[in-house]
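Reader: I would like to see how the labels used for a protein structure follow from the numbers. Can we take them one at a time?

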Amino acid sequence: MAGSEQKRSASPGDGEGAKGARQGAVPPLAEPAAVARSPDGRPHAAAGLSRLMLWLSPAFPVGGYSYSHGLEWVVESGHIKDAAALGGWIEDVLAHGAGSADLIFFAEAWRALAAADMARLRHVAQLAAAFAVSAERRLETLGQGTAFLAAVGAVWPHPALVAAFEAGADIAYPVAVGASTAAHGLPLAASAHAFLQAFAANLVSAGVRLVPLGQTDGLRVLARLEPLLPGLVAAALAARLEDVGGAAILIDIASMRHETQYTRLFRS
């Protein structure tokens, strides 16, 4: 996973407009559905970007604001008292914890859906759910993923997503977003980067409320994280599903301790 030097060759599902080689119940997908198009029939890049920004906005109804990923316990325990400590903690989450692992699940889900390999997609979904190390982390990823698919299905329905997931099924968040961006023809690299940025921003927002910090300090943390993201995305896109893993024991313990924390504002 993080730090892995193993590379994969470009798969048929990589990139916007790519077509998968595997056969399935649903034909491979290449272009966004119901996105504004140019006179030559190609999707407008701006339209796809707008949809991506909307789906990963804090306003999108997945309840991301209610999850701290164990950060609430860390702050109460006294380990994080300022912006520098918050930035260091989130860097570890992104590089060694769920950040990197979820990116691999995201990319694998995108490629599986783009190639119409529904068996592979369901395998990725099962593994992503199994990787939740605590009850609250499971709630965090499955709750957001299921809410995401429900919102996308209500407003931007797509037959590939209907075929991929059973109605009402609990799906991990990175799998839900990865599959949805593939179904609607949004490019893999940009979608993965936006997904990681949204995760980082949600953790910073939680930290600003918990420590508490001022908005300017929150922006300084986001600026500190900004150079880290491209490398993490590149590593995840070059990884294989077999590379997924992590080494963030204290982050996992924080999530477990939060379950019995006496006073809590967040669900995780």
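Author: Start with aromatic pairs. In this predicted model, a search of the whole structure finds 8 of them.

Reader: What makes Phe105 and Phe131 an edge-to-face pair?

Author: Their ring centres are 5.4 Å apart, and a pair needs centres within 6.5 Å. Their planes stand at 75°, and an angle over 60 counts as edge-to-face, so the label applies to this pair.

Reader: Why is this pair said to tie together separate parts?

Author: Phe105 lies in helix H4, whereas Phe131 sits in the loop between helix H5 and helix H6, so the parts joined are 26 residues apart in sequence.

Reader: Why are Phe148 and Tyr173 called edge-to-face?

Author: The centres of Phe148 and Tyr173 are 6.1 Å apart, within 6.5 Å, and their planes are at 70°, over 60, so the pair is edge-to-face. Phe148 is in helix H6 and Tyr173 in helix H8, 25 residues apart. At 14% relative accessibility, under 20%, Tyr173 counts as buried.

Reader: Why are H3 and H12 called roughly perpendicular?

Author: Helix H3 and helix H12 pack at an angle of about 100°, with axes 10 Å apart. Angles of 65 to 115 count as roughly perpendicular, and therefore the label holds for H3 and H12. Where they meet, Trp89, Asp92 and Val93 of H3 touch Leu250, Ile251 and Ala254 of H12. This contact of H3 with H12 has 5 nonpolar, no polar and 1 charged residues.

Reader: How do you know that Arg224 forms a salt bridge with Glu91?

Author: The closest N and O atoms of Arg224 and Glu91 are 3.0 Å apart, and the limit is 4 Å, so the two form a salt bridge. Arg224 lies in helix H10 and Glu91 in helix H3, so this pair ties together parts 133 residues apart in sequence.

Reader: What makes Glu108 buried, while its partner Arg120 is partly exposed?

Author: Glu108 has a relative accessible area of 5%, under 20%, so Glu108 is buried. Arg120 has 25%, which lies between 20% and 50%, so Arg120 is partly exposed.

Terms used
Residues are numbered from 1 along each chain as its sequence is written. This is a predicted model: local features need pLDDT of at least 70, side-chain atom pairs count only at pLDDT 80 or more; totals for chains, interfaces and linings use all residues. Side-chain values use heavy atoms; hydrogens and water are left out. Rings of Phe, Tyr and Trp (its six-membered ring) pair if their centres lie within 6.5 Å; planes under 30 degrees apart count as stacked, over 60 as edge-to-face and the rest as tilted. Helices (H or I, at least four residues) and strands (E, at least two) are DSSP runs, numbered from the N terminus. Buried means under 20% relative accessible area, exposed over 50%, partly exposed in between (1.4 Å probe, protein chains only). Axes are lines fitted to C-alpha atoms, for helices over the stretch in contact, and angles run from 0 to 180 degrees between N-to-C directions. Angles under 35 degrees count as roughly parallel, over 145 as roughly antiparallel, 65 to 115 as roughly perpendicular and the rest as oblique. Contact means heavy atoms within 4.5 Å. Ala, Val, Leu, Ile, Met, Phe, Trp, Tyr, Cys and Pro count as nonpolar, Asp, Glu, Lys and Arg as charged, and the others, Gly among them, as polar. A salt bridge is a side-chain nitrogen of Lys or Arg within 4 Å of a carboxyl oxygen of Asp or Glu.
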